[in-house]
Amino acid sequence: MELDRHGELPLHEQIERSLREQIRSGRLSADTRLPSTRGLAEELGISRGVVTEAYGQLAAEGYLTSSQGAPVRVAKTVRAASERPPARSLLESFSYNFHPGLPDLLDFPREIWLRSLRAALRDSPLDSLGYGDPRGLPDLREALAGYLGRVRGADADPEHMLVCTGFTQGLSLLCRALRGRGVEQIALEDPGWHPHRLIVEQAGLEVVPIPVDKSGLRVEELAATDVAAVLLTPAHQFPTGAVLAPERRAALIEWAEEERLIIEDDYDSEYRFDRVAVGALQGLAPEQIVYIGSASKRLAPGMRLGWMLLPSWLTWELTAAKTIEDCGSEVVGQLALCDFLTRGELDRHVRRMRLRYQRRRETLLEALARWLPQGRVSSLGAAGLFELVLLPDETDEPALVRAAAGRGVGIEGLALHRFIPSGSPGLVLGYGNLSEPAIEQGVRLLGEAFAQVRRQGA
Ligand SMILES: Cc1ncc(COP(=O)(O)O)c(C=O)c1O
């Protein structure tokens, strides 16, 4: 044991660290007898009190045992930590990641966000860092209500708003609350965003798939079931891109009037390139609709920030659920978002990104026409951060996903988002987080993967 007599750490702490490290690494195994305090002090040329203090601390932590008169030993219960590799991510990384859920992470407005963060931390009242209102900071709810009213035509009342950690938590809390009320089933779009199904089933609810066509959810098929709640993406259906047609919107609202509930997933509606986005359904029937939006596409998914507009009869139940879940969302991000919104930065950011995504979408379509002409873009309007590409029926979709991954290209197959495994194979290609040259190159490699899978199939 080497001690640094002129170091910053006191001697007893140096001894503790050294012994702790030797025990953890297995160099000192369980039940090993240690030198007496006197013996070690003499050996190290230090006072006995220093060794006594170090042994006492390690005994308190459970590394050593010592009893009156008996020698000090390494505790019998300690196990050396096994050699382990450094922490890894569960996520695969790709050179060209066409994940449909990713916005441009490089273009996250770091400097502007930092300004908001700094201003928010400087100016926020002391109380804001305590346990706050579990629905979220009142000023943020006010700012979000203004934004959602103005941009999405929502009927947003800050008293019936809940800030949550993304759409995912919002839906999960809601499903559990509905289960508690005796709801057993929820209707979902088919095809629809795969995590919808996972979240609904995790809450113990049964999924009732309802088909989608080019006008969105087939409301007449929903009405033929006896489910009491439906979850849908009316402004930009995931993954077909359909917009819920006006007559279907009306029929859906009428359906909900009979004590039924609509859950509106408004995940990316600001990104519409061909016309003004349709307003949120929620504005038409706020007492029949739970609206859930999030910062994931508008800013970045890693922020884990979302918001729910609740019918008044659900507000307190969801507030209680949120309180039990996590006492309210993390507050520093809320403070920053509030400042960011109030300065009009979200509007500016979305406006800037809309042009960028529009160009990327055009690049994707051109690259597909060139490198994967066998694919049919099922484009139901220019919008969002992904396109659905349908492939010839005989295409082995899982093999294509694997072959693309082998070339560093990450893609999602349509089958993942289907409930009833039928219909054409396809790909849901996100272009949000890829530069234009990367889109071009990625699609070229995808075309190669497609040719390989075809050859193997033949
Ligand atoms: C259809 C749909 N809904 C919601 C979300 C956002 O989920 P969250 O806010 O939990 O990140 C996504 C993200 O990819 C999505 O594709």
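Author: Let's start with helix α14: its buried residues pack against β14 (409-410), β15 (412-413) and α15 (436-457). Keep in mind that this is a predicted model.

Reader: Which residues of α14 are the buried ones?

Author: In α14, residues 397-406, they are Leu400, Val401, Ala403 and Ala404. To be called buried, a residue needs 20 or more other C-beta atoms within 10 Å of its own.

Reader: How do you know that the buried residues of α14 line one face of the helix?

Author: Look down the axis of α14: the buried residues fall within an arc of 165°, so they line one face. In general, an α-helix has 3.6 residues a turn, so residues three or four places apart point the same way. The face of α14 turned away from the buried side carries Pro398, Arg402 and Gly406, which are exposed.

Reader: What makes Asp31 count as exposed?

Author: Asp31 has 12 of them inside 10 Å, so Asp31 counts as exposed. Asp31 sits in the loop between α1 (11-25) and α2 (37-44). Its phi is near 75°, a positive value in a residue other than glycine.

Reader: And why is Cys327 called exposed?

Author: Cys327 has 10 other C-beta atoms within 10 Å, so it is exposed. You'll find Cys327 in the loop between α11 (312-326) and α12 (331-342). Here too phi is positive in a residue other than glycine, near 60°.

Reader: What makes you say that both faces of strand β8 are covered?

Author: Check the residues on each side of β8 (residues 229-232): Ala229 and Leu231 are on one side, Val230 and Leu232 on the other, and all are buried. As a general point, side chains in a regular strand alternate between the two faces of the sheet.

Reader: Which way does the chain cross from β8 to β9?

Author: It passes through helix α9 (residues 246-256), and this β-α-β crossover is right-handed.

Reader: What makes the bond between Asp190 and Pro191 stand out?

Author: That peptide bond is cis, with omega about 0°. Pro191 lies in the loop between β5 and α7 (194-202). The peptide bond from Phe238 to Pro239 is cis as well, with omega near 10°, and Pro239 is in the loop between β8 and α9.

Reader: Which residues touch the most other members of the largest nonpolar core?

Author: Of its 71 residues, those are Leu144, Ile186, Val230, Ile263, Val290 and Met308. A second, separate core has 33 residues, including Phe386 and Leu434.

Reader: What does Leu144 contact, leaving aside its neighbours within four places in sequence?

Author: Leu144 is in contact with Ala156, Met161, Trp307 and Leu341. The cut-off for a contact is C-beta atoms within 7 Å.

Definitions and conventions: Residues are numbered from 1 along each chain as its sequence is written. This is a predicted model: local features need pLDDT of at least 70, side-chain atom pairs count only at pLDDT 80 or more; totals for chains, interfaces and linings use all residues. A nonpolar core is a set of buried Ala, Val, Leu, Ile, Met, Phe, Trp, Tyr and Cys residues joined through C-beta atoms within 7 Å. Two residues are in contact if their C-beta atoms, placed from the backbone, lie within 7 Å. Helices (H or I, at least four residues) and strands (E, at least two) are DSSP runs, numbered from the N terminus. The arc is that of the directions from the helix axis to the C-beta atoms. A crossover is right-handed if, with the strands pointing away from the viewer, the path from the first strand over the helix to the second runs clockwise.
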